[in-house]
Amino acid sequence: MKDSILIKIKKALNRFISKLFNNKKDISNEEIFLHQWTLVLKDNASVFNGLYNGLQKIADGKAKKPESVIAEWWTRTRYKWENQPITEISRKYMENADYNKCVNIAKLLLKAAHDADISKENNEDIILDELSARAYLEWNGNEIFPYDKVKIITPAWYQYNHVIEQGHCEILEESKFD
């Protein structure tokens, strides 16, 4: 009887150690994924132009089709870096990703983007400056100028003080400068 209890304890301990090891391995893989994407995005952020707002919507739980955003990210990755390490590292994450996997991938890619000095406009209303006037398109097709006050509809994304993804805005108040 004591032997069977010891065997059960030993089996439970082995399962626990195995889970710890496997979880450590998963964390390690995520860390590698995050590190590699940070390096890639530092020099290649514009390859994914048009997808950053999509990643944010996925992470916020507001995306209608998260699988299509991740599928497009994966397509661009494969096209740009065929047979390179970033493609191999990304394959198990991005290929045929389901909804829950897409949320995790989006969060990881946004973290990598942040670590690669990619940021988005965080204000709802802004007064445009020279950079932000180039970073936005007016929602109704009107021309915008520096010093216009606008409401942000979709934020612009920046890296190293350059626009990498244009946003959309709506004019609240035109500048008084002619």
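**Which residue just after helix 4 takes a positive phi?** In this predicted model, N96 does, at about 55 degrees. The model is a prediction in which local features need pLDDT of at least 70 and side-chain atom pairs count only at pLDDT 80 or more, whereas totals for chains, interfaces and linings use all residues. Residues are numbered from 1 along each chain as its sequence is written, and side-chain values use heavy atoms, with hydrogens and water left out.

**View 1. An open sheet is built from three strands in the order 1-5-6, with antiparallel pairing.** Strands (E, at least two residues) and helices (H or I, at least four residues) are DSSP runs numbered from the N terminus; two strands pair if DSSP finds at least two bridges between them. Strand 1 (118–120) and strand 6 (162–165) are the edge strands, each with a single partner strand, so one side of each has no neighbour in the sheet. On average, neighbouring strands of this sheet are turned by 40 degrees against each other, direction ignored; the axes are lines fitted to C-alpha atoms, and angles run from 0 to 180 degrees between N-to-C directions.

**View 2. Strand 1 and strand 5 (residues 157–159) run antiparallel and are joined by three bridges.** S119 stands opposite Y158 of strand 5.

**View 3. In helix 3 (residues 66–80), E72 and R76 lie four residues apart, about one turn of the helix.** Their side chains meet in a salt bridge of 2.8 Å, N to O. A salt bridge is defined as a side-chain nitrogen of Lys or Arg within 4 Å of a carboxyl oxygen of Asp or Glu. The whole structure contains four salt bridges. E72 counts as partly exposed because its relative accessibility is 32%; buried means under 20% relative accessible area, exposed over 50%, and partly exposed in between (1.4 Å probe, protein chains only).

View 4. The side chains of R91 and E88 meet at 3.2 Å, N to O. These two residues are three residues apart in helix 4 (residues 85–94), and are therefore separated by about one helical turn. E95 forms a salt bridge with R91, in which the closest N and O atoms are 3.2 Å apart. R91 is partly exposed at 30% relative accessibility, as are E88 at 44% and E95 at 34%.

**View 5. The buried residues of helix 4 are shown as a group.** I86, T87, S90, Y93 and M94 are buried in this helix. They cover an arc of only 120 degrees around the axis, and so lie on the same side of helix 4. The arc is that of the directions from the helix axis to the C-beta atoms.

**View 6. T87, in helix 4, is buried, with a relative accessible area of 3%.** A polar atom of the T87 side chain lies 2.5 Å from the backbone oxygen of W81. Neighbours within four places in sequence being left aside, T87 is in contact (heavy atoms within 4.5 Å) with W74, T77, R78, W81 and E82.

Methods:
Polar contact = N/O pair within 3.5 Å; in protein donor to acceptor, adjacent residues only side chain to side chain.
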